[in-house]
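Here is a friendly briefing to read alongside the sequence and the model. Take a look at the fold, and then let us walk through it topic by topic.

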Amino acid sequence: MRDNNRKKVIDVFSRMFEVNYSKVKNLAYSLLKSELDAEDVAQEVFTKLWEQQSIWIDNKRELDAYILIMTKNIALNISKHQKIRLEYKERFLEESSDLTDRDLLESIYFREILQGIYLKLESIPERRRTVFELSRFYGKSHKEIADKMNISVRTVEQQIYLTLIELRKVLGAFAG
C-alpha cells in the first residue's frame, strides 16, 4: 500500500511539473533576464512544492496562480539580492578608483573580507538576513523593521545579534 501511495505522489508531482515547468521558467526569465537564474527559480519552486505536498496532494483546486505567485516571489528575492550585491560592488569600485599602490593591498584584503561577509550573509536564514539588511544596509530602526515584518522588536534585536556573531566569526578568521 505504501509503494502505491508513493507512486501516486510521484505521478501527481510529475504531471504538475510537466504542465508548469515551462510557465515557471518563462515567468522567471521575464523577471530576471537570465536563463541560469530562471532555471534556479524553477528548481526552487518545484523543490518547495515537493517539500509542501499537503498543498497539492488530493487537491482539486487549480494551483496555477499559487505556483506563479511562488515563482514571482522567489524571482523577486533573487533580484533584490542581486541589486544589493551590485550596489555594494559599485560603491566599492567608486571608493577604490583613486587608490595608491600602498592602498592596493589593503583594497584586496578588504575585498576578501567583504566576500567572506557576503558568503556568510547568503548562508544565514532568509528572515534573519532580511532583518540585518534592513537594519544595516537600509538604516531602518528596530521598530520599523518589526512593524514591516510583523515581528517583535526583541526578535529584531535577537536576529541582528545572531547575525553579528556569525559575521564576527568571519572577521576573526581574517584577523587570525
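## The largest cavity

The largest cavity is lined by His-81, Ile-84, Arg-85, Tyr-118, Leu-121, Glu-122, Arg-129, Glu-133 and Phe-137. Please keep in mind that this is a predicted model.

**More on the cavity**

- How many cavities of 30 Å³ or more does a search of the whole structure find? The search finds one.
- The space inside the largest cavity comes to about 100 Å³.
- Helices α4, α5 (101–123) and α6 (126–136) each contribute at least two residues to the lining of the largest cavity.
- By residue class, that lining has four nonpolar, one polar and four charged residues.
- Arg-85, one of the lining residues, belongs to helix α4.
- Arg-85 counts as partly exposed, because its relative accessible area is 39%, between the 20% limit for buried and the 50% limit for exposed.

**Nonpolar cores**

- The largest nonpolar core has 18 residues, and those touching the most other members are Met-16, Val-41, Val-45, Leu-49, Trp-56 and Ile-67.
- Which elements give two or more residues to this core? They are α1 (2–32), α2 (35–51) and α4 (64–96).
- Leu-49 is in contact with Phe-13, Met-16, Trp-56, Tyr-66, Ile-67 and Met-70, once its neighbours within four places in sequence are left aside.
- There is also a second, separate core of 14 residues, with Ile-117, Ile-124, Phe-132 and Val-170 among them.

**Aromatic rings**

- Across the whole structure, a search turns up 10 aromatic pairs.
- One of them joins Tyr-21 and Phe-46, whose ring centres are 6.3 Å apart; the pair is tilted because the planes meet at 35 degrees.
- This pair links distant parts of the chain, since Tyr-21 sits in helix α1 and Phe-46 in helix α2, 25 residues apart.
- Are the two partners buried or partly exposed? Tyr-21 is partly exposed at 27% relative accessibility, while Phe-46 is buried at 4%.
- Ring pairs also tie Phe-13, Phe-17, Tyr-21, Phe-46, Trp-50 and Trp-56 into a cluster.

**A buried lysine**

- Lys-25 is located in helix α1.
- Is Lys-25 buried or exposed? Lys-25 counts as buried, because its relative accessibility is 16%, under the 20% cut-off.
- Leaving out residues up to four places away in sequence, Lys-25 touches Glu-35, Ala-38, Glu-39 and Ala-42.

- As background, most residues other than glycine have a negative phi.
- Lys-33 has a positive phi, near 55 degrees, although this residue is not glycine.
- Where is Lys-33 found? The loop between α1 and α2 holds Lys-33.
- Lys-33 counts as exposed, because its relative accessibility is 61%, over the 50% cut-off.
- Asn-150 also has a positive phi, near 60 degrees, and is likewise a residue other than glycine.
- The loop between α7 (142–149) and α8 (153–175) is the place to look for Asn-150.
- With a relative accessible area of 71%, Asn-150 is exposed.

**Two residues and their distances along the fold**

- Ile-55 lies in helix α3 (residues 53–56).
- At 22% relative accessibility, Ile-55 is partly exposed.
- Not counting residues up to four places away in sequence, Ile-55 touches Leu-63 and Tyr-66.
- The C-alpha atoms of Ile-55 and Tyr-118 are separated by 34 Å, and the two residues are 63 residues apart along the chain.
- Glu-126 is part of helix α6, and with a relative accessible area of 39% Glu-126 is partly exposed.
- What is the C-alpha to C-alpha distance between Glu-126 and Lys-7? The distance is 33 Å, for residues 119 apart in sequence.

Methods: Residues numbered from 1 in each chain as written. Predicted model: local features only at pLDDT ≥ 70, side-chain atom pairs only at ≥ 80, totals over all residues. Heavy atoms only, no water. Core = buried A, V, L, I, M, F, W, Y, C linked by side-chain atoms within 4.5 Å. Buried < 20%, exposed > 50% of the residue type's maximum accessible area, 1.4 Å probe, protein only. Helix = DSSP H or I, 4+ residues; strand = E, 2+ residues; numbered from the N terminus. Contact = heavy atoms within 4.5 Å. 1 Å grid on protein atoms, 1.4 Å probe; cavity = no way out; pocket = protein on both sides within 12 Å on 5 of 7 lines; lining within 4 Å. Points joined across faces, edges and corners; volume = space filled by probe spheres on them. Nonpolar A, V, L, I, M, F, W, Y, C, P; charged D, E, K, R; others polar. Phe/Tyr/Trp six-rings, centres within 6.5 Å; stacked < 30°, edge-to-face > 60°.
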